[in-house]
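Please read the following briefing alongside the sequence and the coordinates.

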Amino acid sequence: YCTEARVAAAYDELAKLLKPLDGVLSDHAFLGGAEPFLGDYIIFGTLMWAHIVSPDHKLPEATATAAWFERLLDMHDGYARKAPRAA
């Protein structure tokens, strides 16, 4: 079962796994540079799934990856941001 300690450990692990992505995104708006490309959408899709199915899902705050995710949520007139989420 899911305890607060397990959830915290999972978020710590997620932060570690996202460090390489965060490093790239600290220098560029998207993996493709100024505009997103296929790699951005592949990674975004995986994170978006978690965002939709888990009302508690969050990326490490104040990171380049979190800012990148927010930019992608707003792309295409906010299409992804408008997606229904689990309650």
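The notes below begin with the basis of the model and then go through selected residues by topic.

This is a predicted model, in which local features need pLDDT of at least 70 and side-chain atom pairs count only at pLDDT 80 or more, while totals for chains, interfaces and linings use all residues. Residues are numbered from 1 along each chain as its sequence is written, and side-chain values use heavy atoms, with hydrogens and water left out. Helices are DSSP runs of H or I with at least four residues, numbered from the N terminus. Buried stands for under 20% relative accessible area, exposed for over 50%, and partly exposed for what lies in between, with a 1.4 Å probe and protein chains only.

- Asp40 belongs to helix H3, which spans residues 38–53.
- Asp40 is buried and yet has no salt bridge, the nearest side chain of opposite charge being that of Arg71, 7.4 Å away; here Lys and Arg count as positive and Asp and Glu as negative, whereas His and the chain ends are not counted.
- The side chain of Asp40 instead reaches two backbone nitrogens, that of Leu31 at 2.8 Å and that of Gly32 at 3.3 Å. A polar contact is a pair of N or O atoms within 3.5 Å; within protein, one must be able to donate a hydrogen and the other to accept it, and residues adjacent in sequence count only if both atoms are side-chain atoms.
- Leaving aside residues up to four places away in sequence, Asp40 touches Phe30, Leu31, Gly32, Glu35, Trp68 and Leu72, where contact means heavy atoms within 4.5 Å.

**Packing of H4**

- Helix H4 covers residues 64–78, and its buried residues are Ala64, Thr65, Ala66, Trp68, Phe69, Leu72, Leu73 and Gly78.
- These buried residues of H4 pack against helix H2 (19–25) and against H3.
- Trp68 and Leu72, which are among the buried residues of H4, are also among the residues touched by Asp40.

**Salt bridges around Arg81**

- The structure holds two salt bridges, a salt bridge being a side-chain nitrogen of Lys or Arg within 4 Å of a carboxyl oxygen of Asp or Glu.
- One of them joins Arg81 to Glu70, with the closest N and O atoms 2.6 Å apart. This pair links distant parts of the chain, since Arg81 lies in the segment after H4 and Glu70 in helix H4, 11 residues apart.
- Arg81 also forms a salt bridge with Asp74, where the closest N and O atoms are 2.7 Å apart. Through shared partners, the salt bridges join Glu70, Asp74 and Arg81 into one network.
- Arg81 counts as partly exposed because its relative accessibility is 40%; Glu70, at 37%, is likewise partly exposed, and Asp74 is partly exposed at 44%.

**Positive phi outside glycine**

- Ala62, in the loop between H3 and H4, has a phi near 55 degrees, a positive value in a residue other than glycine. Ala62 counts as exposed because its relative accessibility is 87%.
- His76, which lies in helix H4, has a positive phi of about 55 degrees although it is not a glycine. With 57% relative accessibility, His76 counts as exposed.

- Arg6 is found in helix H1, residues 4–17, and counts as exposed because its relative accessibility is 54%.
- Arg6 and Val53 are 47 residues apart in sequence, and their C-alpha atoms are 18 Å apart in space.

Notes:
Helix = DSSP H or I, 4+ residues; strand = E, 2+ residues; numbered from the N terminus.
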